[in-house]
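I opened my notebook to record what I looked up in this structure. The entries follow the order in which I checked things.

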Amino acid sequence: MDGPRSDMGRWGGNPLQPPATPSPEPEPEPDRRSRRGGCSFWARCCGCCSRRGADDDWGPEPSGSRGRGSNRRPDSRGSDSRRPDSRGSDSRRPYESSDRITLELLIGNNPEVGKGTHVIIPVGKGGSGGWKAQVTKANGNNLNLRVHTSPNAIIGKFQFTVRTHSEAGEFQLPFDPHNEIYILFNPWCPEDTVYVDHEDWRQEYVLNESGRIYYGTEAQIGERTWNYGQFDHGVLDACLYVLDRRGMPYGGRGDPVSVSRVISAMVNSLDDNGVLIGNWSGDYSRGTNPSAWVGSVEILLSYLHTGYSVPYGQCWVFAGVTTTVLRCLGLAARTVTNFNSAHDTDTSLTMDIYFDENMKPLEHLNHDSVWNFHVWNDCWMKRPDLPSGFNGWQVVDSTPQETSSGKVNSDKVYWQRQDDGSFKIVYVEEKAIGTLIVTKAIGSNMREDITHLYKHPEGSEAERKAVETATAHGSKPNVYATRDSAEDVTMQVEAQDAVMGQDLTVSVVLTNRGSSRRTVKLHLYLSVTFYTGVTGTIFKETKKEVVLAPGASDRVAMPVAYTEYRPHLVDQGAMLLNVSGHVKENGQVLAKQHTFRLRTPDLSLTLLGAAVVGQECEVQIVFKNPLPVTLTNVVFRLEGSGLQRPKILNVGDIGGNETVTLRQTFVPVRPGPRQLIASLDSPQLSQVHGVIQVDVAPASGSRGGFSDTGGDSHSGETISMASRGGA
C-alpha cells in the first residue's frame, strides 16, 4: 500500500463491558404538532450555536451548516419551550456587569476537569483549552451568549448547567435532560484534526445522506444505493451507544483515531457484541439476508433499542453502517470497494492456487481466496501520532476477517502437483489482485477510480518492485525464481452478460503468437462461488485438444443450461471458471481463473404525483420474477431519509415469471432531492433492489420540515448541537 494512508486497525482499550440494555426511548407527546414555537435552551443562550428553523424537529437542510447548530434529531432528547428558572418570575432582574456567570458541561460517570469531562467556562473571562463565552446582548431579563467550543473537546452528550454569582447570592441551574448538549467533531474547523479543506468534500463525505456501494466483479460492476441516514431520528444516540457498549473511556473520545478504531471493532459483533453479526454461510433464516438491507438506519436503531447484535451483515453492510456512524459523529468518510481483493492465509503475500497432475483444482489445498470484491471505508483526519506524510485518508475496515496487513496488491501463483507428490510453480498471474478500487464520485452518482491512492500503476516498474520486495519477506521468498518462461500461446476468457434464470455460454479464446504450430490440451471446470472466493463443487467440465497454426486463434465454448446451474446457486449468483492448458510442443502451462455473475433484475420505482413536505405521496414498485420457479416468503424493504422510515412488506409468494405491482404511500418530511430505496428478498432470489430520486417541494408557507419519528403523528424533538472549535 502506497501513499499517505495507514491502517487504522482496532482500538484495544478497555475489556468488554457487560451488555447494557439502553434506556427505553420516551415517546414524544402525542398531541404536540411537528411545527413548534419553542427553541432549545442552548439556542436561547447562544443563538449562533443552534440555528433555528420554522420547525424544531428538523430545521433547515443540513447543507452549509458547517457541522454545528443543525437541528438534528436524537433518539430521545429535545427542547422545552419554557426558559428554565427555578427561582420564580418575581426573582428575575436585569443582568448587571458585576454578575458572574459560569457555564459548566459534564460527561461520563466521574467528570474531571483534567480529563476534559468537566468543562468550566467563566463568561467573559475565557476558559481552558479553547473554551470561552461572551455576552453578546443583554436586554432586560434576557441574556444572549456566544460560546466557543474547544477544537479538542470530547465528543458526546454533555449535561449542561449555569452558575450565577451576584449580590443576592449563588445559584445553579438544575440539570435537565432538555438542556443536554451534543458536541461532535468539526470538519469545518481548521484547528480540528478532522478538518477538511474542501467544501464539496464536506458536502459529499459528511452531509450526504445516501451514496453508492459497488459490488460484483471487475468486468461486471454492480452498484446499489445505500441510505446512510446519519441525520435520522435516533441515529446519533445509536452512534454514541456504540462507543458506550465498547466501554470506551470518555477521556479518549476527543481523539478521532481512537474513536475510529472503536467503531471499526464495534460495527461487527466479533468479540465485542457489536452492531452486526457476520454471516457468509448462505443460511439467513434466523435474521436478514445481508443483500436485503437498503440502509443503516434500521440496523442502528434495532441495536439501540434492543441492545442485541443484528443478524446479518457482510462487507458492504459493515462498511455502509461504518460510513453512517463516522459521518454522524462529524468525520468525513466514504465507502470504498476493492475488486479482486486478496485474503492470504499463510503470509506468503501471494495468492496460491493448487492443481493436480491434470490441472484440476485441489480445493482442499486452496485456502487462500480472492474475494470478487471487498468493501471498506476511508475517513479523513490528521495523524499527529505518525511521522509526517500520513495525514488524509485513513483505512477503516469493520469486516471481521484475516488480512495481510491491509495489502491490496499481490500476484496469483498457480502450482501443479508432480508425479512424486511435490508441487511446481507453472504460472504466475501478475495483474490479478487489487486491480480496481472505486468509490462514489463527489457531487454525482458516477464511479471514481481511486486505485492510484493505494498502489503504483499496474505493471509499472515501481509496482513490480513493490510486489516482489514484499514477497521476498513472506513465507515463500523464492516464488519468482522458479517460473518457466515459454509463453507463446495466450488465453482469454469470455463470459456473456448472463441473466439469472437463463442459459449461458462461457468461451476460451486461444491465440498462437509463435512461428510454429502449437497443440493445446485444454480443461474447463465450472463451479459456483461465494463473493468471498469460497467455491462449491465442480458441476460441469469440458476437455478439448486444440491445434493452432502460427498466428491463428480458436475459440472453445462451453454452454451451460439453467437447469444445470440452478441446484448449485449461492449468494449473488457468482460462478468460477477454472481454465488450464498444456502446450504439447514446448511444455507451456496455461492457467486462468475467471469469475462472473448472473445479473438479477432491478425493481422499477415510479412516483405517482408530486412530492411535497407534509403531504401524502404514492410510489409504485414493479417487479418481474426472472425465474421459472415460485419465489416464496418474499419480503420488500423501503427506506429513504426525509421520505420514509425503514418499512418491511411481507408479500408472500410470487409465481414463476410473474410480474407484480405494489403501491405504497409515504409523507415527505424534508424538502430537496431525496433517494427512496427498495429491495426484494426471498430464499430463491436475492440481490434485487431499486431506487428513485424524489425531488420534494417545501410545504406552502413553510421554511422547515416535519417530524420523522416512524410515520405516526407524534412529533420528534430538537436537540442542542455544537461542533468542536465552533462559536
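**Entry 1: strand 16 and its neighbours**

Which residue in strand 16 is the bridge partner of Phe 355? I looked it up in the model, which is a predicted one, and found Gln 416. I then checked how the strands run: strand 13 and strand 16 are parallel and are joined by 5 bridges.

I followed Gln 416 to strand 17, where its bridge partner is Lys 424. Strand 17 covers residues 423-429 and pairs with strand 16 in the antiparallel sense, over 6 bridges. Strand 16 therefore has a parallel partner in strand 13 and an antiparallel partner in strand 17, with strands pairing if DSSP finds at least two bridges between them.

I looked at the connection as well. Strand 16 and strand 17 make a hairpin with 5 residues between them. In the turn, Gly 421 has a positive phi of about 95°.

Is strand 16 mostly covered or mostly open? I noted that 5 of its 6 residues are buried, so I put it down as mostly covered, buried being under 20% relative accessible area.

I next looked up Arg 417. Its salt-bridge partner is Glu 357, with 3.2 Å between the closest N and O atoms. Arg 417 belongs to strand 16 (residues 412-417), whereas Glu 357 sits in the loop between strand 13 (351-355) and strand 14 (369-381). The two residues are 60 apart, and the pair links distant parts of the chain.

I checked cover on both sides. Glu 357 is partly exposed at 34% relative accessible area, and Arg 417 is partly exposed at 27%.

How many salt bridges does the structure hold? I have 24 written down. I looked at two others among them.

The side chains of Glu 104 and Arg 163 form one, at 2.4 Å from N to O. Because Glu 104 is in strand 1 (residues 100-106) and Arg 163 is in strand 5 (residues 156-166), this pair ties together parts 59 residues apart in sequence. Glu 104 is buried, with a relative accessible area of 7%. Arg 163 is partly exposed, at 23%.

Lys 540 and Glu 564 form another, with the closest N and O atoms 3.3 Å apart. Lys 540 lies in strand 23 (residues 535-548) and Glu 564 in helix 8 (residues 562-565), so here a strand and a helix that are 24 residues apart in sequence at these positions are tied together. Lys 540 has a relative accessibility of 19% and counts as buried, since the cut-off for buried is under 20%. Glu 564 is partly exposed, at 30%.

**Entry 2: the network around Asp 232**

Which residues are linked with Asp 232 in a network of salt bridges? I listed Glu 209, Arg 645, Arg 670 and Arg 674. Asp 232 itself is in the loop between strand 9 (221-227) and helix 3 (235-246). I checked its cover and found 1% relative accessibility, so Asp 232 counts as buried. The Asp 232 side chain also has a polar contact of 3.1 Å with the side chain of Ser 641.

**Entry 3: helix 4**

At the start of helix 4, I noted a side-chain oxygen of Asp 255 within 3.1 Å of the backbone nitrogen of Val 257.

**Entry 4: Phe 339**

I looked up Phe 339 in strand 12 (residues 333-343). Phe 339 is buried, with a relative accessible area of 0%. Asn 372 is 33 residues from Phe 339 in sequence, and their C-alpha atoms are 5.8 Å apart in space.

**Entry 5: the whole chain**

The protein chain has 8 helices and 35 strands. Of its 727 residues, 55% are buried. The chain exposes about 29400 Å², and carbon and sulfur atoms supply 47% of that area. For contacts between residues at least 6 apart in sequence, I noted that 70% join residues at least 24 apart.

Notes:
Residues numbered from 1 in each chain as written. Predicted model: local features only at pLDDT ≥ 70, side-chain atom pairs only at ≥ 80, totals over all residues. Heavy atoms only, no water. Helix = DSSP H or I, 4+ residues; strand = E, 2+ residues; numbered from the N terminus. Buried < 20%, exposed > 50% of the residue type's maximum accessible area, 1.4 Å probe, protein only. Contact = heavy atoms within 4.5 Å. Areas by Shrake-Rupley, 256 points an atom, 1.4 Å probe, with all protein chains shown as cover. Salt bridge = Lys/Arg side-chain N within 4 Å of Asp/Glu carboxyl O. Polar contact = N/O pair within 3.5 Å; in protein donor to acceptor, adjacent residues only side chain to side chain.
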